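Hello,

Here is the structure for you to look over. My notes on it follow below.

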Amino acid sequence: MALAFSSLFSLLLLLMLFVTDVCNALPVAQNGTVEYLKLRLLHIKPSPSEAISFDFHRLSVLFSALHTSQSLKSPVVSGASTGSGQYFVDLRLGTPPQKLLLVADTGSDLVWVQCSACRDCSRHSPGSSFLARHSTTFSPHHCYDSACQLVPLPRHHRCNHTRLHSPCRYEYSYADGSVTSGFFSKETTTLNTSSGREARLKGIAFGCAFRISGPSVSGPSFNGAHGVMGLGRGPISLSSQLGRRFGNKFSYCLMDHTLSPPPTSYLLIGGAQNDVAPGKGRVRYTPLHTNPLSPTFYYIEIQSVSVDGVKLLIDASVWALDKQGNGGTVVDSGTTLTFLPEPAYRQILSAMKRRVRLPSPVEPTPDFDLCVNVSGVEHPSLPRLSFKLEGDSVFSPPPRNYFLDIEDDVKCLALQAVMTPSGFSVIGNLMQQGFLLEFDKDRTRLGFSRHGCALP
């Protein structure tokens, strides 16, 4: 009953959030096609040791949040900013627009930015924080607004319903003690469209954070970002807020960062995939599942794994999402490597070792269980990994998506084992490289294609 009420409440709130004036709707472009939003993704590549360290920290926070009472009470999940912060988006917020750099994160819902209430802001360098007093369209939600119920409130927060100006205060605490708190607000944002014009979108809900502390929101893994762009499945994520205006789907293509110069990756909100990857045969789909304990994440179902076309004997229960919310597989932009259940990982590792015909490196590689020396080999032959997914689709990434260049002439298997029974598998961003991934919320499915990365 409680979950049903929560779902109804979220639906009603969505209707409130998206009932906006006509100027929020994007017109049809001059060539007759419907416009979509096109945001450039900036990539900062961590070292292999940094990636492992940041990934394990992110997963420990996500796993711990999965079974806390807070995640049952609120759709906001503590995935924000706990990863290696590799993919960033420039967001222009306010009137006039202020440019801020945000972590793009499919593992969280809340959009939040570092804010300042300064009047004389001469000491603030441009783009270091959002200057709320300098925007004519900034407006905090009132604490008695229904929208305020979607964010975690400070412990001793009291709302005076009789006061006209009682802002909605939020406070988000992470498992490592990091905190972001401030006003849950609404603003106008300026984004680029597929036709090259700018679209001003009103009433975007976000957290204006006046207090930020702790490694998850300010440490090295944050890479100097000024906040987080939540792209999860909850009603306050940016993809949900904008989705109703643009077909309720978004997609991205993470280009191969080993190329020089590295190609540009894009986050597309709307129907871009219809232009990028024409033809139904080129896009494969698998259903998206929801974990009631963590409704933010994009879950898919792995049914089996093969190495060089040979199906491995892994029990189906290893991949299952059970009734207690344990297990399952999440597609996540904020994790670098791919994490698999320990029984499956051991079988894949053994199969890989049996098929590798390359020597081991001279120096040990303590963070990885399988590494090869490719010195003098122009095109090294490495085992092919493929995942059979629900919906009779097969995800077959090339070896460069799961063999990571650790140093010159050394490649290592970029898979890690999930040791905790209550954890879940994660398809990280390295494994996603070179694929167009389409998150279709209306049809609850994930589309993927190797032919969709030639972005216009």
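How many disulfides does the count come to? The count comes to 4 disulfides, a disulfide being a pair of cysteine sulfur atoms within 2.5 Å.

Before the details, a word on the source. This is a predicted model, in which local features need pLDDT of at least 70 and side-chain atom pairs count only at pLDDT 80 or more, while totals for chains, interfaces and linings use all residues. Residues are numbered from 1 along each chain as its sequence is written, and side-chain values use heavy atoms, with hydrogens and water left out.

Overall picture

The protein has 8 helices and 28 strands. Both are DSSP runs numbered from the N terminus: helices are H or I with at least four residues, strands are E with at least two. Of the 456 residues, 56% are buried; buried means under 20% relative accessible area, exposed over 50%, and partly exposed in between, with a 1.4 Å probe and protein chains only. The accessible surface comes to about 20200 Å², and carbon and sulfur atoms hold 54% of it. Accessible areas come from the Shrake-Rupley method with a 1.4 Å probe, and for residues only the protein chains shown count as cover. Among contacts with a separation of 6 or more, 71% are between residues 24 or more positions apart, where contact means heavy atoms within 4.5 Å.

Disulfides

One of the disulfides joins Cys115 to Cys208, with an S to S distance of 2.0 Å. Cys115 lies in strand 4 (residues 112-116) and Cys208 in strand 9 (residues 198-213), so this pair ties together parts 93 residues apart in sequence. The link of Cys115 and Cys208 is left-handed, with -120 degrees about the S-S bond, and both cysteines are buried.

Another joins Cys148 to Cys168 at 2.1 Å from S to S. Both cysteines are in the loop between strand 6 (139-140) and strand 7 (169-173), 20 residues apart. The link of Cys148 and Cys168 is right-handed, with 90 degrees about the S-S bond. Cys148 and Cys168 are both buried.

Cys371 and Cys412 also form a disulfide, with sulfur atoms 1.9 Å apart. Cys371 is in strand 20 and Cys412 in strand 24, 41 residues apart. The torsion about their S-S bond is about 105 degrees, so this disulfide is right-handed. Cys371 is buried at 7% relative accessible area, and Cys412 is buried at 0%.

Strand 20 is joined to strand 24 (residues 410-413) by 3 bridges, and Val372 has Lys411 as its bridge partner in strand 24. Two strands pair if DSSP finds at least two bridges between them.

Strand 12

In strand 12 (residues 265-269), 5 of the 5 residues are buried. Ser265, Leu267 and Ile269 are on one side, Tyr266 and Leu268 on the other, and both faces are covered. Strand 1 (residues 37-43) runs antiparallel to strand 12 and is joined to strand 12 by 5 bridges, with Leu41 partnered by Ser265. Strand 11 (residues 249-253) also pairs with strand 12 in the antiparallel sense, over 4 bridges, and here Phe250 stands opposite Ile269.

Regards
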